[in-house]
Number of protein chains: 2
Amino acid sequence: MHSSPSHGTDLLPATVAWLGARPGRVRLLEQTLLPLETRFLELETVPQMVDAIRRLAVRGAPAIGVAAGYGALLGVQHMVRASTAELVQRLVEDCRTLVAARPTAVNLFWALERMESAGKAAHARGLDAAAALDTLFAEAEAIHREDADQCRRMGELGAPYVPDGVAVLTHCNAGALATGGMGTALAPIYVAHSQGKRVSVYADETRPLLQGARLTAWELSQAGVPVTLITDNMAARVMSEGRVGAVFVGSDRIAANGDVCNKIGTFGVAVLARHHNLPFYVVAPTSTFDPTVPTGAEIPIEEREPEEVTEGFGRRTAPTGVRVYNPAFDVTPAELVTAIITEAGVIERPDRTRVLELLSRARHRALAAG
Amino acid sequence: MHSSPSHGTDLLPATVAWLGARPGRVRLLEQTLLPLETRFLELETVPQMVDAIRRLAVRGAPAIGVAAGYGALLGVQHMVRASTAELVQRLVEDCRTLVAARPTAVNLFWALERMESAGKAAHARGLDAAAALDTLFAEAEAIHREDADQCRRMGELGAPYVPDGVAVLTHCNAGALATGGMGTALAPIYVAHSQGKRVSVYADETRPLLQGARLTAWELSQAGVPVTLITDNMAARVMSEGRVGAVFVGSDRIAANGDVCNKIGTFGVAVLARHHNLPFYVVAPTSTFDPTVPTGAEIPIEEREPEEVTEGFGRRTAPTGVRVYNPAFDVTPAELVTAIITEAGVIERPDRTRVLELLSRARHRALAAG
């Protein structure tokens with residue numbers, strides 16, 4: 001799809017891809033088998049896609065959105081000779097089935113809304129089923145392309161912040177595996193690497209679910225970026241030894257004042273970075289901002305099952321019945337964030353004014369372009 | 001052995017104990033099966049003790065010292081009718097065998113030195129084998145009693161620093177399981193609990209070897225102290241939510257300037273505590289200080305096998321061949337330490353002058369007592 005100069009991410013298998021012309025299939029990298037097996041799923045039906053999303057074979061909000069967009073094509077792609085009304089009715093049903101696969105995933109909801117609207121608009125414009133299908137395929141591809149473009153843009157805007165000759169540290173997985181492109185937090189790293197900078201990464205393993213060990217270490221290795229795995233509690237030592245020059249993380253949700261909600265452990269890394277005078281960068285598309293939430297204190301934090309902590313590795317490693325606290329996310333206050341890198345620009349020293357300025361600029365630009 | 005008022009640690013099985021009179025056996029709590037099974041080893045021979053120490057059935061420097069002292073009795077206890085020369089020769093051989101079980105364990109070396117010296121002194125004084133054995137049994141018991149007394153004293157001196165009604169956070173296991181008494185970092189917690197303070201603990205699981213999940217959560221639960229298990233990267237969130245009022249940790253080695261070497265992750269917790277204005281207490285006997293090491297920078301840090309990180313739970317959780325950095329310890333600079341609590345007194349705001357003052361006072365007191 002992209003004809004840019006060869007770089008590390010070209011070596012990565014696509015997280016989500018449409019295979020063949022029409023009718024075709026969705027190919028997903030089966031992430032539950034990583035890092036030990038690189039296997040692909042080829043999905044031909046909506047229920048297969050629902051199952052894949054539910055099992056976390058595909059994860060990461062942007063990647064789920066891209067997969068869902070293609071997933072919405074699977075049930076209708078054969079209906080070339082049906083009426084457009086029948087096609088749209090089937091599309092709406094399939095979107096309802098798909099959206100229930102992970103009810104809280106915002107990108108899933110948003111991508112399916114786009115697919116449904118595209119179908120309805122085609123019907124309203126009086127297109128026949130074949131032409132309506134053209135529109136739907138174009139919409140699913142647009143969702144994918146826009147995600148990949150945003151990743152690339154964040155990578156380009158963020159690359160100048162990646163230090164040369166000293167490693168960066170990252171937490172969790174905000175890479176190609178979580179998106180339809182080269183990732184968020186890892187995008188600047190991939191771009192800087194492709195530009196010839198001497199780039200290397202320390203990856204926090206990220207307990208309890210080990211996304212750093214299982215996914216980040218895997219994708220960076222595959223892409224040829226030198227990576228060293230550490231347990232989360234080694235980050236402070238790694239920083240004090242001068243091994244890293246900056247921190248790059250992604251985000252699940254950003255408040256209007258720039259407070260950053262991300263995978264549990266991110267806030268601790270931010271405190272350690274400040275203690276060691278290291279810059280702390282958050283890389284996230286503007287869609288991550290939630291201007292209706294004034295500060296991080298208002299972001300609800302999901303608490304998950306104790307077994308993730310006590311039996312996370314296939315066998316029990318804590319006393320039976322022990323009390324566990326297992327928040328899935330934490331909030332890094334904006335004052336610990338050096339800059340938020342988005343596809344629409346970089347917000348240095350983020351605060352409410354600077355966040356709202358960037359979002360408003362991005363909205364104007366989108367309206368002007370649209 | 002102690003007739004103090006009943007408290008939580010009375011509910012804990014002894015980590016090390018001498019069973020029966022003479023000849024007797026050493027009973028060890030089999031720590032490799034914790035937290036899922038509480039099983040005991042009864043050792044009757046020196047090779048059995050070597051095996052137990054090597055397999056980490058007993059771990060924690062003070063507990064290993066106590067076990068080794070008793071272990072040195074196992075081979076000689078039947079030699080009542082031998083010559084004292086034969087007995088001492090056998091003792092020296094057994095001590096050599098035992099010391100090789102874990103060559104870097106300082107307390108192991110030190111305890112066996114004491115046993116060997118006691119045997120040689122008995123011989124020099126012309127005692128017969130039965131009387132020499134009396135001396136050796138007394139020495140092994142003294143090693144155990146002194147360790148237990150030091151723990152209790154650290155507990156008493158540290159208890160006033162344990163907050164009432166808000167939890168404390170601890171890292172790794174510096175509890176009863178690591179000593180011949182009620183532990184180091186956990187001793188103030190046990191004493192405060194027995195005094196009726198509302199005490200509770202957040203225990204970092206402590207990757208890679210999970211001493212917090214496997215051992216600290218177990219022993220606190222057994223002793224009736226409310227404990228909540230978290231992954232290491234949750235400590236920052238727990239602090240920012242106001243859930244803890246202080247941090248208590250142990251130490252493996254303390255430099256002359258008060259820099260504290262302890263289990264990897266301790267330094268990060270100290271940085272987080274400072275960020276949240278929480279006191280950070282180190283609890284360790286004066287034998288932990290190494291005045292020949294001027295600062296923490298001179299303490300060599302052991303790097304351990306990558307498999308502890310990549311296969312720590314019985315199955316591989318990281319890509320094959322990934323680079324791993326696995327330092328077993330880190331150094332917390334003295335300026336992040338609120339106080340070091342020893343059996344000989346509390347060093348607030350530790351620095352070189354205050355450390356050497358306390359050590360010199362402790363030495364005079366020991367000389368005066370001895």
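Rings of Phe, Tyr and Trp (its six-membered ring) pair if their centres lie within 6.5 Å; planes under 30 degrees apart count as stacked, over 60 as edge-to-face and the rest as tilted. In chain A such ring pairs link A:Trp18, A:Tyr70 and A:Phe137 into a cluster. Start the tour there, after two remarks on the model and its numbering.

This is a predicted model, in which local features need pLDDT of at least 70, side-chain atom pairs count only at pLDDT 80 or more, and totals for chains, interfaces and linings use all residues. Residues are numbered from 1 along each chain as its sequence is written, chains are lettered from A and ligands numbered from 1 in the order in which they are written, and side-chain values use heavy atoms, with hydrogens and water left out.

Over all chains, the aromatic pairs number 8. One of them joins A:Trp18 and A:Phe137. Its geometry is edge-to-face, with 5.2 Å from centre to centre and 85° between the planes. The two residues sit 119 apart in the chain: A:Trp18 belongs to strand β1 (residues 16-19) and A:Phe137 to helix α5 of chain A. Helices (H or I, at least four residues) and strands (E, at least two) are DSSP runs, numbered from the N terminus. A:Trp18 counts as buried because its relative accessibility is 15%. A:Phe137 is buried too, with a relative accessible area of 4%. Buried means under 20% relative accessible area, exposed over 50%, and partly exposed in between (1.4 Å probe, protein chains only).

Chain B has a pair of its own. B:Trp18 is buried at a relative accessible area of 16%. B:Phe137 is buried at 4% relative accessibility.

Return to helix α5 in chain A. Which residues carry its contact with helix α3? First, the geometry. The axes of α3 (residues 84-99) and α5 (residues 129-158) of chain A come within 9 Å and cross at roughly 35°. Axes are lines fitted to C-alpha atoms, for helices over the stretch in contact, and angles run from 0 to 180 degrees between N-to-C directions. The crossing of α3(A) with α5(A) is right-handed. From α3(A) come A:Thr84, A:Leu87 and A:Leu91; from α5(A) come A:Ala129, A:Ala132, A:Leu133 and A:Leu136. Contact means heavy atoms within 4.5 Å. The spacing within each set recalls a general rule. An α-helix has 3.6 residues a turn, so residues three or four places apart point the same way.

Next comes helix α6 of chain A (residues 187-194). Of its 8 residues, 6 are buried, so the helix is largely enclosed by the rest of the structure. The buried ones are A:Ala187, A:Pro188, A:Ile189, A:Tyr190, A:Val191 and A:Ala192. They pack against α5, β4 (167-170), β5 (201-204), α7 (211-222), β7 (244-249) and β10 (280-283) of chain A. Just after α6(A), A:Gly196 takes a positive phi of about 95°.

A:Cys172 lies in the loop between β4 and α6 of chain A. Its phi is near 65°, a positive value in a residue other than glycine. A:Cys172 is buried, with a relative accessible area of 8%. The loop between β5 and α7 of chain A holds A:Thr206. A:Thr206 has a positive phi of about 70°, although it is not a glycine. At 0% relative accessibility, A:Thr206 counts as buried. A:Pro208 also lies in the loop between β5 and α7. A cis peptide bond joins A:Arg207 to A:Pro208, with omega about 0°. Another cis bond runs from A:Arg22 to A:Pro23, with omega near -10°. A:Pro23 is in the loop between β1 and β2 (25-29) of chain A.

Finish at A:Thr338, in the loop between β13 (329-332) and β14 (339-342) of chain A. Is this residue buried or partly exposed? A:Thr338 counts as partly exposed, because its relative accessibility is 29%. A:Pro279 is 59 residues away in sequence, yet the C-alpha atoms are 5.6 Å apart. The side chain of A:Thr338 reaches the backbone nitrogen of A:Phe280 at 2.8 Å.

Definitions and conventions:
A crossing is left-handed if the near helix is turned anticlockwise from the far one by less than a right angle, and right-handed if clockwise. A polar contact is a pair of N or O atoms within 3.5 Å; within protein, one must be able to donate a hydrogen and the other to accept it, and residues adjacent in sequence count only if both atoms are side-chain atoms.
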